[in-house]
Amino acid sequence: MSFTSIPILDLAQASDPATKPQFLAELRHALMEVGFLYLKNVGIPDELFQQVIREGKAFFDIPEEEKLKIEMKNAPSFLGYSRLSAEITAGEIDHREQIDLSTEHPLPGPGAPLYDNLLAPNQWPSPSILPRFRPTFTEYMSRMGDISIYFTSLIAEAIDLPADAFNKYFDGPGFGGRQDQNQQHKLKIVKYPDVGTLGSGKGNQGVGPHKDSMLSSYLLQASQHKGLQVQNMKGEWIDCPPIDGTLVVAIGQGLEALTQGVCVSTTHRVLSPEAGKGARYSIPFFQGVSGDAEFEDLENVGVGQVKEEIKELRRKVLAENGGRLDDVEFTFRKGGVAKTLGEATLRNRVKSHQDVGEIWYPEILESVRAEQAALARKKSPVVEVVPVVGEGKAVEAH
């Protein structure tokens with residue numbers, strides 16, 4: 001039977017030898033049958049969670065001119081502030097206002113690949129206006145980076161892979177990517193206004209139906225609004241409401257590809273709050289992967305073969321549900337213009353934020369628009385054509 005609710009897992013159980021086997025069994029169920037889960041007791045003090053929420057909400061109350069000083073289009077990194085309705089998903093405008101941050105890196109040196117422009121310092125709001133904003137989110141992203149890498153090791157164990165199976169795709173000492181810099185992770189602080197403040201005819205798309213692009217994301221739902229919905233195998237939309245003390249974990253297409261389809265990446269969307277309900281606030285953290293990782297390796301080498309008995313468990317799930325109905329095609333595969341994840345990510349950012357692309361990446365934007373025009377010409381009146389990830393849409397929002 002297809003899922004009708006999102007499972008809740010207790011991360012504290014993973015650190016106790018007596019309860020870890022049960023935790024891994026519950027995690028395996030969530031990975032194979034849902035692709036989403038709530039995670040509690042992650043090891044971050046509640047005081048820090050509350051500070052993150054307070055500072056995140058406070059950002060949207062600062063003067064407009066202060067936000068525009070750190071607007072995304074000011075830099076080639078795609079970090080910074082985005083005005084309301086500045087991003088596109090599934091061909092429609094997303095009605096949200098946001099700021100993009102990441103674990104910080106120095107500016108790339110001469111000769112670095114173009115996608116290294118994504119590794120950069122953040123554009124921070126002025127400390128004279130929000131003095132606690134930068135230290136709060138710097139600490140939170142650092143802690144979440146550690147949690148995401150640890151949780152990925154548990155994912156590996158849950159499907160009977162070595163705990164370090166995914167480490168080759170992370171940058172930093174002890175991992176398989178670049179040893180000279182730490183892995184970049186990203187975070188958004190998002191405000192979804194209610195439909196009453198958007199005006200008539202704007203619709204209720206906070207974020208259109210999509211799958212996350214890489215391994216995993218961790219959402220802190222910062223207000224008590226419903227809005228996040230997950231699509232089950234029957235094609236039904238299941239609410240994922242806020243639960244105090246939890247993060248919502250979403251599995252990405254990269255993880256599904258690397259595990260040969262065992263871990264499922266699930267389509268999800270965000271609906272704007274109803275008129276009069278006030279704004280919804282959301283703070284998703286996106287685990288990063290080395291931009292140098294090549295699609296050829298990801299598809300043909302990856303983390304090694306998942307055991308046949310584990311694959312059979314996933315096949316049984318599909319058989320019991322009569323297959324998988326899905327509004328968004330699985331699109332993680334090679335064959336596009338991009339040969340590395342960094343190239344694909346850069347193209348996707350240009351596609352999502354074309355105002356930034358016009359200033360910093362006009363040639364890529366021209367290529368993206370030509371691709372979109374070609375797809376539009378080929379589009380069937382019944383079936384939507386979706387591009388491969390090397391050329392296509394990688395959405396980062398919840």
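Biologist: Is E371 buried or exposed in this structure?

Modeller: A residue is called buried under 20% relative accessible area, exposed over 50%, and partly exposed in between, with a 1.4 Å probe and protein chains only. E371 is buried, its relative accessible area being 13%. The model is predicted: local features need pLDDT of at least 70 and side-chain atom pairs pLDDT 80 or more, while totals for chains, interfaces and linings use all residues. Numbering runs from 1 along each chain as its sequence is written, and side-chain values use heavy atoms, without hydrogens and water.

Biologist: Which side chain meets that of E371 in a salt bridge?

Modeller: Side chains of opposite charge can pair when their charged atoms come close. The criterion is a side-chain nitrogen of Lys or Arg within 4 Å of a carboxyl oxygen of Asp or Glu. E371 meets K351 at 3.0 Å, N to O. This pair links distant parts of the chain, 20 residues apart: E371 belongs to helix α11 (362–378) and K351 to helix α9 (341–352). Helices here are DSSP runs of H or I, at least four residues, numbered from the N terminus. K351 is also buried, at 8%.

Biologist: What does the salt bridge between E358 and R369 tie together?

Modeller: The two side chains meet at 3.1 Å, N to O. E358 lies in helix α10 (354–360) and R369 in helix α11, so parts 11 residues apart in sequence are tied together. E358 is partly exposed at 47%, as is R369 at 37%.

Biologist: Where do E312 and R315 lie?

Modeller: Both are in helix α8 (308–320), 3 residues apart, about one turn. E312 is partly exposed at 33%, and R315 at 38%.

Biologist: How many salt bridges does the structure hold?

Modeller: There are 18. D100, K188 and R349 are linked in a network of them.

Methods:
Helix = DSSP H or I, 4+ residues; strand = E, 2+ residues; numbered from the N terminus.
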